Amino acid sequence: IPQASRFLFMKNKVRMICDCYAKPVKVYQDERLSFDLTLCGSTLRASHSCHLQYMKNMGSVASLVLAVVVKEGEEDDNPDPNQEPQSKRKRLWGLVVCHNTTPRFVPFPLRYACEFLMQVFAIHVNNEVELENQIREKNILRTQTLLCDMLLRDSSLSIVTRSPNIMDLVKCDGAAFLCQNKVYTLGVAPTESQIREINQWLSEYHMDSTGLSTDSLHDAGYPKALSLGDIV
């Protein structure tokens, strides 16, 4: 779903097109108005010509689109009494699209009932997403416990040579482990010489820190990051 369309569906969660062959009516703005008119929240707003042509190609004349908006993020369990409670951020999860091969107008009571139905459906989606997140967190904690136990009972190499390994804990395409001047790799990883160069750079510029966590070595200042390509 294009970003512009996402914004419109967040503003107006029910979108109705009665007849894609209907001729749009031009809106004239009074010159005395100091701001631009917006029809984002209006059901009378005309659709883009590309979308109308898309409907014609499908043989669809009328459509009713319902937005499924869910909440994401975590609420603070112990909010500051001096601060206003912050609501969860909303995002567009998906769309329910109804098509008709002939022109059709959906009255407001029916559209309102459909919108309420989507709100109930969104609650169930939220519950499923939260349950999935809880299961994922439990799996991560269990894997973390197993890896820590392996480190305590076995050698450090066990986190890359045995199962589960470090890639089961961190979502990634590859991993590299440098231990006793030997390089061990899993999945997609740089070459041994490139890993040693990264290690040398870390030792020189980040020796005093407890570690480096970054989404981009280039943004972190590694001078040879571009030569690594899409590997990291």
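S47 is buried in this predicted model, at 17% relative accessibility; buried here means under 20% relative accessible area, exposed over 50%, and partly exposed in between (1.4 Å probe, protein chains only). Residues are numbered from 1 along each chain as its sequence is written. Because the model is predicted, local features need pLDDT of at least 70 and side-chain atom pairs count only at pLDDT 80 or more, while totals for chains, interfaces and linings use all residues; side-chain values use heavy atoms, with hydrogens and water left out.

**Surroundings of S47**

The residue S47 sits in the loop between strand 1 and helix 2 (49–58). Helices (H or I, at least four residues) and strands (E, at least two) are DSSP runs, numbered from the N terminus. Apart from neighbours within four places in sequence, S47 is in contact with R15, I17 and L52, where contact means heavy atoms within 4.5 Å. With R15, the side chain of S47 makes a polar contact of 2.8 Å. A polar contact is a pair of N or O atoms within 3.5 Å; within protein, one must be able to donate a hydrogen and the other to accept it, and residues adjacent in sequence count only if both atoms are side-chain atoms.

**The strands**

Strand 1 (residues 14–17) runs antiparallel to strand 2, and four bridges join them. Two strands pair if DSSP finds at least two bridges between them. In this pairing, M16 stands opposite L64 of strand 2. Strand 2 also pairs with strand 3 (residues 89–100), again in the antiparallel sense, over eleven bridges. There, L64 has C98 of strand 3 opposite to it. Which strand is largely enclosed by the rest of the structure? Strand 2 (residues 62–72) is, because nine of its eleven residues are buried.

**Aromatic pairs**

A pair of aromatic rings is described by the distance of the centres and the angle of the planes. Four aromatic pairs occur in the structure. Rings of Phe, Tyr and Trp (its six-membered ring) pair if their centres lie within 6.5 Å; planes under 30 degrees apart count as stacked, over 60 as edge-to-face and the rest as tilted. One of the pairs joins F108 and Y112, which are tilted, with 5.9 Å from centre to centre and 35° between the planes. These two residues are four apart in helix 3 (residues 108–153), so about one helical turn separates F108 from Y112. F108 is exposed at 53% relative accessibility, and Y112 is exposed with a relative accessible area of 53%.

Another pair is formed by W201 and Y205: the ring centres are 6.3 Å apart and the planes stand at 45°, so this pair is tilted. W201 and Y205 are four residues apart in helix 6 (residues 192–205), which means a separation of about one helical turn. W201 is buried at a relative accessible area of 6%, whereas Y205 is exposed at 55% relative accessibility. Ring pairs link W201, Y205 and Y222 into a cluster.

**Salt bridges**

Side chains of opposite charge can pair when their charged atoms come close. The structure has five salt bridges, each being a side-chain nitrogen of Lys or Arg within 4 Å of a carboxyl oxygen of Asp or Glu. Among them are these:

| Salt bridge | N to O distance |
|---|---|
| D30 and R32 | 2.8 Å |
| R153 and D149 | 2.6 Å |
| E192 and R196 | 3.0 Å |

R153 and D149 lie four residues apart in helix 3, so they are separated by about one helical turn. R153 counts as exposed at 56% relative accessibility, while D149 is partly exposed at 33%. In helix 6, E192 and R196 are likewise four residues apart, about one turn of the helix. E192 is partly exposed at 45% relative accessibility, and R196 is partly exposed at a relative accessible area of 27%.

**Confidence of the model**

The protein chain has a mean pLDDT of 85, and 92% of its residues reach 70 or more; pLDDT is the predictor's confidence in each residue, from 0 to 100. Over residues 75–79 the pLDDT is below 50, and this stretch has one contact in the model beyond near neighbours in sequence. Where pLDDT is low, the predicted coordinates should not be read in detail.
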